[in-house]
Amino acid sequence: MTETRERSRPMSRSRIDIAKTSLRLSEAQWEALIDRLEAGKGPAVPATRDRRDLDDRRYFHVRRAALRVLRENSPPTSHLVRTRNLSAGGVGLIHNAFLYPGTPCHVALQTRHGESVALPGTVVWCRHVSGRGHEVGLRFDWIIEIDEFIAPGERRSQPDAA
């Protein structure tokens, strides 16, 4: 009996794939995009019960993250994204492509202590914001402890954010 093994990609290949799929914006361009979104100059997303039923507060959380998109009948894809905001129930992401609501994903966020944590979730909404940029609302499969990711003294609340 012949045993088949799945080949894994070399680490350098994964890094190249992730870098290639990011928006490739400079820090100044990222800040300008986030500022524009915060000022309400992006397209409106209708508030829906699905978006907010788990979240009473969202916090500013503009950081780099890794997103793994899981699609039926296709291999998973990895992307470098930026987070826009974080709540106990989900995260707002800036991504270079549209993601359909219902798409399962894992997002790797870094804790305040430098550990990377992969959190499973589902896309609940997506909107085009600029160029190839899309803002994605991802709901986690379980509630997280905000204190693990944002120190209480660093929190800037965004009660009306996406």
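These questions and answers cover a loop asparagine, an aromatic pair and a strand histidine.

This is a predicted model, where local features need pLDDT of at least 70, side-chain atom pairs count only at pLDDT 80 or more, and totals for chains, interfaces and linings use all residues. Residues are numbered from 1 along each chain as its sequence is written, and side-chain values use heavy atoms, with hydrogens and water left out.

Trainee: Is Asn96 buried or exposed?
Mentor: Asn96 sits in the loop between strand E4 (90–95) and strand E5 (104–110). Strands are DSSP runs of E, at least two residues, numbered from the N terminus. Buried means under 20% relative accessible area, exposed over 50%, partly exposed in between (1.4 Å probe, protein chains only). The relative accessible area of Asn96 is 18%, so Asn96 is buried.

Trainee: Which side chain joins that of Asn96 in a polar contact of 3.4 Å?
Mentor: A polar contact is a pair of N or O atoms within 3.5 Å; within protein, one must be able to donate a hydrogen and the other to accept it, and residues adjacent in sequence count only if both atoms are side-chain atoms. The partner of Asn96 is His95.

Trainee: What is the geometry of the Phe98 and Tyr100 rings?
Mentor: The structure holds one aromatic pair. Rings of Phe, Tyr and Trp (its six-membered ring) pair if their centres lie within 6.5 Å; planes under 30 degrees apart count as stacked, over 60 as edge-to-face and the rest as tilted. The Phe98 and Tyr100 centres are 4.9 Å apart with planes at 85°, so the pair is edge-to-face.

Trainee: Is His134 buried or exposed?
Mentor: His134 belongs to strand E7 (residues 133–140). Its relative accessibility is 12%, so His134 counts as buried.

Methods
Helix = DSSP H or I, 4+ residues; strand = E, 2+ residues; numbered from the N terminus.
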